[in-house]
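Dear colleague,

I am handing over the structure we spoke about, and I would be grateful if you could look through it with the notes below at hand.

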Amino acid sequence: MSRQGDATVKEVAEYLGHHPETIRIMARSGDFPNAYKAGRGRQNSPLRIPWSDVDRYRKLQPRAAA
């Protein structure tokens, strides 16, 4: 499922099944290298994550054996 544009932390959290704070931590640690602060980039500006980063992250995750 490939989407265009950028997602909010909440959208990515719901898509990946993680808590929003986990997504923020992952963004800070480099799992989403193109994540950025929207607006003027202030500390409380919302984080945006390109869907392309989310898709790349999903492809790199190991699959559970069926």
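Which residues of H2 are buried? The buried residues of H2 are Ile 23, Met 26 and Ala 27, where buried means under 20% relative accessible area, exposed over 50%, and partly exposed in between (1.4 Å probe, protein chains only). Helices (H or I, at least four residues) and strands (E, at least two) are DSSP runs, numbered from the N terminus.

Before going further, please keep in mind that this is a predicted model, in which local features need pLDDT of at least 70 and side-chain atom pairs count only at pLDDT 80 or more, while totals for chains, interfaces and linings use all residues. Residues are numbered from 1 along each chain as its sequence is written, and side-chain values use heavy atoms, with hydrogens and water left out.

To return to helix H2, its buried residues Ile 23, Met 26 and Ala 27 cover an arc of only 100° around the axis, so they sit on the same side of H2; the arc is that of the directions from the helix axis to the C-beta atoms. Among what covers these buried residues are helix H1 (9-16), strand E3 (47-50) and helix H3 (51-60). The face of H2 turned away from the buried side carries the exposed residues Arg 28 and Ser 29, and after H2 comes Gly 30, whose phi is positive, near 100°.

The count of salt bridges comes to two, a salt bridge being a side-chain nitrogen of Lys or Arg within 4 Å of a carboxyl oxygen of Asp or Glu. In one of them Glu 21 pairs with Arg 24, with the closest N and O atoms 3.2 Å apart, and these two residues, three apart in helix H2 (residues 20-29), are separated by about one helical turn. Glu 21 also forms a salt bridge with Arg 28 (3.6 Å, N to O), and Arg 28 is exposed, with a relative accessible area of 61%. Through these shared partners, Glu 21, Arg 24 and Arg 28 are joined into one network.

The structure also holds two aromatic pairs, for which rings of Phe, Tyr and Trp (its six-membered ring) must have centres within 6.5 Å, with planes under 30 degrees apart counted as stacked, over 60 as edge-to-face and the rest as tilted. One of them joins Tyr 15 and Trp 51, whose ring centres are 5.4 Å apart and whose planes stand at 90°, so the pair is edge-to-face. Because Tyr 15 lies in helix H1 and Trp 51 in helix H3, the pair ties together parts that are 36 residues apart in sequence.

With kind regards

Methods: Contact = heavy atoms within 4.5 Å.
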